[in-house]
Amino acid sequence: MSQLCEKLSEISVVFVQPLYEQNIGYIARCMKNFCLDKLVLVKPRCGVGLESRRYAMHGADILERVKIAESFSEVVREFDLVVCSTGVKGDRVLRRYVSPRDAAEIIAENTGKRAIVIGREDWGLSNEELSLCDLVVTIEANPEYPSLNASHAAVILFYEIFNAVTRVASPSIERPSRSEVEKLLEYMELLGQVLGYSEERRRRSQLIMRRLITEGRFSSIDLRVLLSYLGDAHRSLKSCIKTID
């Protein structure tokens with residue numbers, strides 16, 4: 001395996017509740033084209049049998065190693081960086097998105113366990129699933145018919161990731177771990193509660209922070225500094241409230 005393919009093999013592909021064996025096969029074939037070799041299927045609605053292998057062609061070996069997960073949240077916990085694809089625009093917070101090229105650059109620049117997520121063929125990703133994503137990517141297309149087949153969207157994303165990893169000699173950003181990011185969001189939740197923010201405001205603030213950490217290329221050191229400030233702020237506020245009481 002070439003050095004380039006070794007680097008790309010560290011990036012996983014997650015396909016959520018695939019409906020057709022044909023698309024599983026096509027995605028495995030596209031993965032092989034671009035040196036990606038780890039595929040996770042979340043609660044598939046079809047088998048992974050002869051039809052999948054037939055359409056996978058030389059990517060059939062990827063299907064021999066495929067992992068099956070029972071829930072999307074279970075998969076997210078396994079990765080430090082989760083980039084999700086969606087063809088639906090709308091909410092500027094929940095569906096805040098970047099281009100495939102920008103997403104690929106972020107994936108290539110960061111260390112840690114990384115995954116690119118392909119949504120369901122029939123209705124993509126739910127709002128709850130999108131809220132768990134560190135970054136959302138959208139492929140611009142004809143406004144009158146923007147929906148792409150899952151495997152077609154996948155090959156565009158894989159191509160951009162392949163080229164980004166080719167350009168980036170080695171990851172330059174020490175990506176914060178999943179546990180560090182979740183701890184920061186936990187402090188934001190606690191601070192929001194102390195400040196009397198509504199549940200909706202707290203939820204949206206945390207989602208914005210999750211996306212900013214990724215879009216802003218936060219390193220592990222950057223996040224730890226912010227974590228320290230928020231932790232101290234929370235403790236100080238609680239202390240002041242106790243004194244007043």
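Q: Which residues line the second largest pocket?
A: In this predicted model, the lining of the second largest pocket consists of Glu10, Ser12, Asp37, Lys38, Leu39, Val40, Arg65, Lys67, Glu78, Phe79, Lys113 and Arg114.

Q: On to the largest pocket: how much space lies in it?
A: About 460 Å³. The lining has 23 residues, and those closest to the centre of the pocket are Thr86, Gly87, Gly124, Ser147 and Leu148.

Q: What classes of residue make up that lining?
A: The lining of the largest pocket has 11 nonpolar, eight polar and four charged residues.

Q: Which element gives the most here?
A: Helix 8, which spans residues 150-167, gives the most to this lining, with three residues.

Q: Let us turn to cavities. How many of 30 Å³ or more are found?
A: The search of the whole structure finds one. The volume of the largest cavity is about 40 Å³.

Q: What lines the largest cavity?
A: The lining is formed by Val83, Pro100, Ala103, Ala104, Ile107, Ile116, Leu157, Glu160 and Ile161. By class, eight of these residues are nonpolar, one is charged and none is polar.

Q: Which helices supply at least two residues each?
A: Helix 6 (100-109) and helix 8 do. Helix 6 has the largest share of the lining, four residues.

Q: A change of topic: at what angle do helix 9 and helix 10 pack?
A: Helix 9 (residues 178-195) and helix 10 (residues 199-215) pack at about 150°, and their axes are 10 Å apart.

Q: Why are they called roughly antiparallel?
A: Angles over 145 degrees count as roughly antiparallel, and the angle here is about 150°; helix 9 and helix 10 are therefore roughly antiparallel to each other. The crossing of helix 9 with helix 10 is right-handed.

Q: Which residues meet at that contact?
A: From helix 9, Arg178, Val181, Glu182, Leu184, Leu185, Met188, Glu189, Gly192 and Gln193 meet Arg202, Ser205, Gln206, Met209, Arg210 and Ile213 of helix 10. By class, the contact has six nonpolar, four polar and five charged residues.

Methods. Residues numbered from 1 in each chain as written. Predicted model: local features only at pLDDT ≥ 70, side-chain atom pairs only at ≥ 80, totals over all residues. Heavy atoms only, no water. 1 Å grid on protein atoms, 1.4 Å probe; cavity = no way out; pocket = protein on both sides within 12 Å on 5 of 7 lines; lining within 4 Å. Points joined across faces, edges and corners; volume = space filled by probe spheres on them. Nonpolar A, V, L, I, M, F, W, Y, C, P; charged D, E, K, R; others polar. Axes fitted to C-alpha atoms, helices over the stretch in contact; angles between N-to-C directions. Parallel < 35°, antiparallel > 145°, perpendicular 65-115°, else oblique. Left-handed = near helix turned anticlockwise from the far one by under 90°. Contact = heavy atoms within 4.5 Å.
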